[in-house]
Structure formats: structure tokens, C-alpha cells
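Thanks for coming, everyone. Please have the viewer open.

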Amino acid sequence: MAMGTYRKSVATMVQQDIAGRGIRDQRVLEAVASVDRKQFVPKALEDAAYDDRALPIAGGQTISQPYIVALMAEHLRLKGTDTVLDIGTGSGYAAAVLSQLAGRVISVECIAELAQSAKARLEHLGYDTIQVCQGDGALGCKKYAPYDAIHVAAAAPSVPDALYQQLKVGGRMILPIGPPGHVQMLKLIIRQEENCWQEEDILPVRFVPLVAAM
Ligand code: SAH
């Protein structure tokens with residue numbers, strides 16, 4: 001690093017932006033601290049890797065904001081034995097954080113180029129409990145269902161029915177719901193019983209849209 005330039009570290013980011021903004025779950029803080037976000041951002045943006053904001057990646061998409069990843073992970077209350085469905089792999093960053101809290105992560109991405117690069121990146125970095133699949137996340141991933149938790153990183157106007165169905169009874173799902181290009185509501189949904197889902201509004205957020213698979 002050149003003299004006089006300041007590059008934030010992952011530890012500073014966790015302290016200031018994650019713990020500093022109210023995330024208390026020690027396992028979540030450790031998970032975020034253990035994932036080197038620099039490995040997930042384009043080379044030209046490496047200096048901003050530990051800034052607490054979304055950054056552009058290939059395909060006109062974004063890597064999620066670390067605070068939001070931590071907040072969503074905290075609400076999912078993951079156990080080391082949980083199987084998590086992650087919709088919208090993008091760079092693979094959120095999947096990497098979730099993998100530190102759960103037993104297995106199935107991550108679905110609709111853009112082939114992103115699915116391939118995230119898969120290669122995660123393999124290279126040794127995240128061997130994550131499986132990246134290319135497909136339409138609005139359909140979930142039936143092959144490994146039902147899930148203990150579902151994390152969705154793209155906004156839909158309403159909750160896709162397949163995701164309700166692929167959540168275990170007792171399972172938690174967190175996702176942004178609302179019109180694309182506007183502010184959406186981050187919602188936490190808990191499947192209380194076979195036919196009973198409890199919903200709670202968490203925070204207004206802005207995510208890229210959940211689109212039909214290409
Ligand atoms: N969590 C990611 C950020 C993802 S941005 C990270 O940390 O890097 C949202 C991603 O959702 C984009 O990569 C976009 O291509 C993907 N996406 C949008 N609609 C989708 C769909 N229907 N199925 C699967 N992925 C989708």
C-alpha cells in the first residue's frame with residue numbers, strides 16, 4: 001500500500017459497520033470477519049472491498065453490502081447443521097458468510113457467467129460446503145429441499161410460492177419484497193406449521209430485481 005493511502009481492514013469494517021451498527025450475534029461477527037471480501041470484488045475495486053456498501057460486479061449486478069449480509073444472517077439464526085438455500089449467488093460473498101454459520105449452502109444464480117465465476121472462486125478459496133447451481137431462484141432448488149433457512153438477495157414483488165413450500169416447518173426465510181428500482185421491505189418469514197407462515201417487516205432496503213432465468 002502506498003504511503004498515505006488508507007485502506008480499511010476487514011476487522012475495522014466488522015467493528016465499525018457491523019458490530020457498530022447493532023449486530024450482536026458473535027457467530028455472525030466471526031463469520032463476516034473470516035471472509036475476505038477482497039477476494040469477491042473486481043480487481044479495480046479492491047481498495048473499497050471493506051467499505052460497507054454494495055459494489056458493482058459482472059453482469060450489471062452487485063456484491064451485497066456487508067451490514068445487510070450480517071443482518072440477514074443474524075435473523076436466520078443458523079445452526080452448524082442447517083442446510084441453507086441462497087438465491088442470487090452473485091460474487092458468492094453472502095454464500096461464503098452463510099457457509100461459516102451452517103452445514104451446507106445451496107446457492108442459485110441465474111446468470112451463467114456469474115454462476116461459473118462464483119463456483120470457481122468458492123472452490124479456489126476452499127468453501128467446500130457451498131454448491132452453486134445455475135437456474136431460476138424463484139423456483140427454489142427442489143433437489144435439496146426442504147431447507148432450514150432461505151436467504152434471497154434479489155427483490156421480487158411477492159414471495160415466490162416455491163420458496164414458501166421449500167422451507168421446513170420451523171424454518172426461517174429472509175428476503176426483500178417490493179417493486180424493482182424502488183425501496184423494498186426486508187421481510188422475515190417463519191414457517192410455524194405446515195400451512196402457517198408468520199411474517200415480520202425488518203428494514204427498508206434496496207436490492208437488484210429477481211428476474212426470470214436467462
Ligand atoms: N449475494 C450476492 C449479491 C447478489 S446480487 C453477493 O454477495 O455477491 C443479486 C444476484 O441475484 C445477482 O447476481 C442476480 O443475477 C441474481 N438473480 C436475479 N434474479 C435471479 C433469479 N431469478 N434466480 C437466481 N438468481 C437471480
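When I say contact or touch, I mean heavy atoms within 4.5 Å. With that in hand, take leucine 29. Leaving out residues up to four places away in sequence, leucine 29 touches Val14, Ile18, Ala19, Ile23 and Arg24.

Ground rules next. This is a predicted model, where local features need pLDDT of at least 70 and side-chain atom pairs count only at pLDDT 80 or more, while totals for chains, interfaces and linings use all residues. Residues are numbered from 1 along each chain as its sequence is written, and side-chain values use heavy atoms, with hydrogens and water left out.

Leucine 29 sits in helix 2. Buried means under 20% relative accessible area, exposed means over 50%, and partly exposed is in between, with a 1.4 Å probe and protein chains only. Leucine 29 has 11% relative accessibility, so it counts as buried. Now go along the chain to proline 42. Leucine 29 and proline 42 are 13 residues apart in sequence, yet 24 Å apart in space, C-alpha to C-alpha.

On to the helix pairs. Axes are lines fitted to C-alpha atoms, for helices over the stretch in contact, and angles run from 0 to 180 degrees between N-to-C directions. Helix 1 and helix 2, residues 26–34, cross at roughly 145°, and their axes come within 9 Å. The crossing is right-handed. For handedness, the near helix is turned from the far one by less than a right angle: anticlockwise is left-handed, clockwise is right-handed. Who makes the contact? From helix 1, Val10, Met13, Val14, Ile18 and Ala19; from helix 2, Leu29, Val32 and Ala33. By class, that contact of helix 1 with helix 2 has 8 nonpolar, no polar and no charged residues. The classes are these: Ala, Val, Leu, Ile, Met, Phe, Trp, Tyr, Cys and Pro are nonpolar, Asp, Glu, Lys and Arg are charged, and the others, Gly among them, are polar.

Second pair. Helix 1, residues 10–19, packs against helix 3, residues 66–76, at an angle of about 65°, with the axes 9 Å apart. Helix 1 and helix 3 are therefore roughly perpendicular. The scale: under 35 degrees is roughly parallel, over 145 roughly antiparallel, 65 to 115 roughly perpendicular, and the rest oblique. This crossing of helix 1 and helix 3 is right-handed. Met13, Asp17 and Ile18 of helix 1 meet Pro66, Tyr67 and Ala70 of helix 3. That contact has 5 nonpolar, no polar and 1 charged residues.

How enclosed is helix 3? Of its 11 residues, 10 are buried, so helix 3 is largely enclosed by the rest of the structure. Among the buried ones are Ile68, Val69, Leu71 and Glu74.

Arginine 77 has a positive phi of about 45°, although it is not a glycine. It is in the loop between helix 3 and strand 3, residues 83–87.

Next, the annotated position. UniProt, in an unreviewed entry, lists Ser64 under "active site". UniProt positions are in the numbering used here, feature names are shortened, and annotations may be inferred rather than shown by experiment. Serine 64 is in the loop between strand 2, residues 62–63, and helix 3. With 18% relative accessibility, serine 64 counts as buried. Setting aside neighbours within four places in sequence, serine 64 contacts Arg37, Arg53, Ala54, Val69, Tyr93 and Ala153.

Now arginine 24, in the loop between helix 1 and helix 2. Is arginine 24 buried or exposed? Exposed, with a relative accessible area of 59%. Beyond four places in sequence, arginine 24 touches Ala19, Leu29 and Glu74.

Threonine 89 is in the loop between strand 3 and helix 4, residues 93–99. Its relative accessibility is 4%, so threonine 89 counts as buried. Isoleucine 177 lies in strand 7, residues 167–177. Isoleucine 177 is buried too, with a relative accessible area of 12%.

One last stop. The peptide bond from alanine 145 to proline 146 is cis, with omega near 0°. Proline 146 is in the loop between strand 5, residues 130–134, and strand 6, residues 147–152.

Key: Helix = DSSP H or I, 4+ residues; strand = E, 2+ residues; numbered from the N terminus.
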